[in-house]
Structure formats: C-alpha cells, structure tokens
Amino acid sequence: MFNALKTELSEVLHLSKDALHIHLGLAIYLAVLLTLARGRRLWLPWVTVLA
C-alpha cells in the first residue's frame, strides 16, 4: 500500500523516492516546529521526525 503511494507521488511530483523522503521529513519537521516548539523545546521537532 505505501509503496504504491510513494511510487504514485514520485511520478506526480517528478521526484525520486529518496528526494520524496527528504521533503516529507522536512515538512514534518517544520510543521512540528511551528506548532509545538516554544523557547527551549527545540529538540521536540527532531524527535518527532526521527520517530
């Protein structure tokens, strides 16, 4: 299921699967950074991306 979704997204966006993973990881990081990180809690977005 996920492989078919990744293949379809990579074809639509004209990106390789590796580039797709990088962009998705950065998008998750920025979303968590903007919504949850306040002050000293800058480690929380990184833990979310790693999970």
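In this predicted model, the side chain of His23 comes to 2.7 Å from the backbone oxygen of Ala19. His23 lies in helix 2, which covers residues 17-36.

The length of helix 2 can be checked against its residue count. At 1.5 Å a residue, the 20 residues of helix 2 should span 28 Å, and the end C-alpha atoms are 28 Å apart, so the two values agree.

Helix 2 also packs against helix 1 (residues 2-13), at an angle of about 95° and with the axes 9 Å apart. Helix 1 is therefore roughly perpendicular to helix 2. The residues that form this contact are listed by helix below.

| Helix | Residues in the contact |
|---|---|
| Helix 1 | Asn3, Lys6, Thr7, Leu9, Ser10, Leu13 |
| Helix 2 | Lys17, Leu20, His21 |

By type, the residues of this contact divide into 3 nonpolar, 4 polar and 2 charged.

For the protein chain as a whole, the model contains 3 helices and 0 strands, arranged along the sequence in the pattern α-α-α. Of the 51 residues in the protein chain, 16% are buried.

Terms used: Residues numbered from 1 in each chain as written. Predicted model: local features only at pLDDT ≥ 70, side-chain atom pairs only at ≥ 80, totals over all residues. Heavy atoms only, no water. Helix = DSSP H or I, 4+ residues; strand = E, 2+ residues; numbered from the N terminus. Polar contact = N/O pair within 3.5 Å; in protein donor to acceptor, adjacent residues only side chain to side chain. Axes fitted to C-alpha atoms, helices over the stretch in contact; angles between N-to-C directions. Parallel < 35°, antiparallel > 145°, perpendicular 65-115°, else oblique. Contact = heavy atoms within 4.5 Å. Nonpolar A, V, L, I, M, F, W, Y, C, P; charged D, E, K, R; others polar. Expected span 1.5 Å × (residues − 1). Buried < 20%, exposed > 50% of the residue type's maximum accessible area, 1.4 Å probe, protein only.
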